[in-house]
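Dear colleague,

Please find below the structure that I am handing over to you. My notes on it follow directly after.

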Amino acid sequence: MTKILVVEDDLANANMLERYLTGEGFEVVIAIDGAEALRATASMTPDLVLLDIGLGEEDGRDVLKEIRLISDVPTIFLTGRGLESERIAGLKLGADDYIVKPFSLGEVSARIESVLRRAGANLAQHQIDAPTMRFGDLLINENTHEVHVGGELLELTSKEFALLVFLARSPRQVFSREQLLEHVWESSGEWQNEATVTEHIRRLRAKLETDPDHPRWITTVRGVGYRFEVEAGSS
Ligand code: CA
């Protein structure tokens, strides 16, 4: 269910939006000030925020600055202020759209749908561009073939990269050397010696691991093979 955070100090207005949006099939949470808005953003991870600029003593634009420190959630300003320059300033601060009060409820859902559609398209595009696997400080980007550990780029050969990706795609699953030959080298033991796998694992660990003798990522399962660890390893 799509979750919407409504940030509005005027409870009558907030409740009206909640009733309407709930009826439209959204899950709605109300925050009445900036502190509540930040807590709710962190805890409920909303899909969209409706943020009133007039929050009593607070300015919704300042609240958005703080939200932006922890989240890229699509945000629509509600504003009663008619000045075009203020609206533009708001959009520059990272809002995706704005709705001028008084608004019709139909306009609110139309704006919400449009912003969500745009955000969804961006997200989908982003996922195509950067299919990154992330495990703590280890980042594996299958598109660019880059691997970073703790922000540092590793120089991996294409076989080392393929081996790491294959193992990381099935965390905790143990693969024998024979299976790795078959899947990563697309070869059987008749053509490639299993020592090839051992040697590549050794080289990969030397680049990947802080302490290759006590690997954190690729551990040995004695008598069976290797596996990719998601928790701190011990081997
Ligand atoms: Ca208000």
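The crossing of helices α6 and α7 is right-handed; a crossing is called right-handed if the near helix is turned clockwise from the far one by less than a right angle, and left-handed if anticlockwise. On the α6 side the contact is made by Lys159, Ala162, Leu163, Phe166 and Leu167, and on the α7 side by Leu180, His183 and Val184 (contact means heavy atoms within 4.5 Å). By class, this contact has 6 nonpolar, 1 polar and 1 charged residues; Ala, Val, Leu, Ile, Met, Phe, Trp, Tyr, Cys and Pro count as nonpolar, Asp, Glu, Lys and Arg as charged, and the others, Gly among them, as polar.

Please note that this is a predicted model, in which local features need pLDDT of at least 70 and side-chain atom pairs count only at pLDDT 80 or more, while totals for chains, interfaces and linings use all residues. Residues are numbered from 1 along each chain as its sequence is written, and side-chain values use heavy atoms, with hydrogens and water left out. Helices (H or I, at least four residues) and strands (E, at least two) are DSSP runs, numbered from the N terminus.

Two packed helices are described by the angle between their axes and the distance between the axes. For α6 (residues 158–169) and α7 (residues 177–184), the axes come within 11 Å and cross at roughly 115°; axes are lines fitted to C-alpha atoms, for helices over the stretch in contact, and angles run from 0 to 180 degrees between N-to-C directions. The two helices are therefore roughly perpendicular to each other (65 to 115 degrees; under 35 counts as roughly parallel, over 145 as roughly antiparallel and the rest as oblique).

Gly34, Ala37, Leu38, Thr41 and Ala42 of α2 meet Val63, Glu66, Ile67 and Ile70 of α3, a contact with 6 nonpolar, 2 polar and 1 charged residues.

Turning to the strands, an open sheet of 4 strands has the order β8-β9-β10-β11, with antiparallel pairing (two strands pair if DSSP finds at least two bridges between them). β8 and β11 (152–153) stand at the edges with a single partner strand each, so one side of each is left without a neighbour in the sheet. Helix α6 packs on this sheet and touches β8, β9 and β10, its direction making about 110° with that of β9.

Within the sheet, 4 bridges join β8 to β9 (residues 138–141), and Arg134 has Leu139 as its bridge partner in β9. The two strands form a hairpin with 2 residues between them, and Gly136 in the turn has a positive phi of about 60°.

Asn143 lies in the loop between β9 and β10 and is partly exposed, with a relative accessible area of 47%.

Yours sincerely

Conventions: Buried means under 20% relative accessible area, exposed over 50%, partly exposed in between (1.4 Å probe, protein chains only).
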